[in-house]
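Trainee: Could you walk me through this one, please? I have not looked at it before.
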Amino acid sequence: MEHITETIINIGVNDRDITMFEGQYAVKCGMAYNSYVILDEKTAVMDTVDAHMTDAWLSGLAQALNGRTVDYLIVQHMEPDHSGSIQELAVRFPGMKIVASAAACNMMKQFFDLDLQGRTVTIKEGDALELGSHTLRFYAAPMVHWPEVMVTYEASEKVVFSADGFGKFGTRDTDEDWTCEARRYYFNICGKYGAQVQELLKKLATLDVSVICPLHGPVLTENLGYYIDKYNVWSSYEPEEKGIFIAYASVYGHTKEAARKLKEILESRSREKVVLSDLCKDDPHEALEDAFRYDRMVLAAISYDAGVFPAMDDFLHHLQTKNFQKRSVALIENGSWAPTAGKTMKAYLEAMKEIRIIEPMVTIRSALKPETMTELEALADALLQG
């Protein structure tokens, strides 16, 4: 348990066994599923946890309640890592009311065989729930990152319960920089929905906030402006830093060599940060994070089946689904007889918003030659000019 204030307790659990969140995101430091109890004349639980952590969570809940009952369960988000213990809690506290948006109530019927007749309190934007000295006020946050999401503000202690917003990969006690894993979490989980996140930030800007309680990661209590500013930059799709991200997909090593040579040239000519990623071996979700982090990107890939190598094709598809935009991108293609990678990559990019293609595109015919080095130097100059 973690006391946020004298009356608000985090009874969430740290899942140290999970290695792949949502079956796709590597989490070497596990994952936190946060859940909160508000102790007042009426007792409210803010969300539950993943079903396989129910027992540990119920133990923490019992300790926090110290013999009290649960009057309300506030369901902000129906994704199973937060709603997985709803049915167990509802059985244990038959007098408990379940407070949720209409969309969440409909989803509850899909997830559980639970008789909700007379048990639900349906809430919408601006509604309030009195617990005693605490008043919960609800704000709709559709598509951040599911359509049923609500966030909750408690005015007396200036606390925002932000659902999946401001979360990160890793357990709460992980000794690591918040920004890196929060960025990877944001762009892979919420990246598509920047406009919706912007709308939520506008709502939060009207509130006096001292604490942000997300459903993943640590509770945020200091320098809140820093975290809010990060979310504003990320959700507006603006580059976070000046720098050049080089992502390559190589089979026999020639395209890899070109990518590395370009990095060497860039670093010899400037102090710009240059980051290299092998799309065939490195974490693709780290690569997506870096693509959004920096203002310029280079894509280098071989031609394959009259298109582009699958690792690059997958990467571009993910960028497109996450609304990648507002960047300058350079291209390097390789093809032994009929280069097609450049054309294919360019078609992806032209379907995205505000993407500037940096010329010249470099075409490699199998292996690097002296003329290729000259073209890479010209491309480096173009990249450094912005």
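Trainee: Is F187 buried or exposed?
Mentor: F187 counts as buried, because its relative accessibility is 1%, and buried here means under 20% relative accessible area, with exposed being over 50% and partly exposed in between, using a 1.4 Å probe and protein chains only. Please keep in mind that this is a predicted model, in which local features need pLDDT of at least 70 and side-chain atom pairs count only at pLDDT 80 or more, while totals for chains, interfaces and linings use all residues. Residues are numbered from 1 along each chain as its sequence is written, and side-chain values use heavy atoms, with hydrogens and water left out.

Trainee: Where does F187 lie, and what is it in contact with?
Mentor: F187 lies in helix α5, residues 178-190, where helices (H or I, at least four residues) and strands (E, at least two) are DSSP runs numbered from the N terminus. Leaving aside neighbours within four places in sequence, F187 is in contact with W234, L288, F292 and K322, contact meaning heavy atoms within 4.5 Å. The C-alpha atoms of F187 and H285 are separated by 8.7 Å, although these residues are 98 apart along the chain.

Trainee: OK, and how do α9 and α10 cross?
Mentor: The axes of α9 (residues 284-293) and α10 (residues 310-321) come within 10 Å and cross at roughly 55°, the axes being lines fitted to C-alpha atoms over the stretch in contact, with angles from 0 to 180 degrees between N-to-C directions. The two helices are therefore oblique to each other, since angles under 35 degrees count as roughly parallel, over 145 as roughly antiparallel, 65 to 115 as roughly perpendicular and the rest as oblique.

Trainee: Which residues make that contact?
Mentor: On the α9 side they are A287, L288, A291 and F292, and on the α10 side F315, H318 and L319.

Trainee: Switching topic, which residues of α8 are buried?
Mentor: In α8, T255, A258, A259, L262, I265 and L266 are buried. They cover an arc of only 125° around the axis, which puts them on the same side of α8, the arc being that of the directions from the helix axis to the C-beta atoms.

Trainee: What do they pack against?
Mentor: The buried residues of α8 pack against several elements, including β17 (241-249), β19 (294-304) and α12 (370-384).

Trainee: And how many helices and strands does the protein chain have?
Mentor: The protein chain has twelve helices and 22 strands, and 57% of its 386 residues count as buried.
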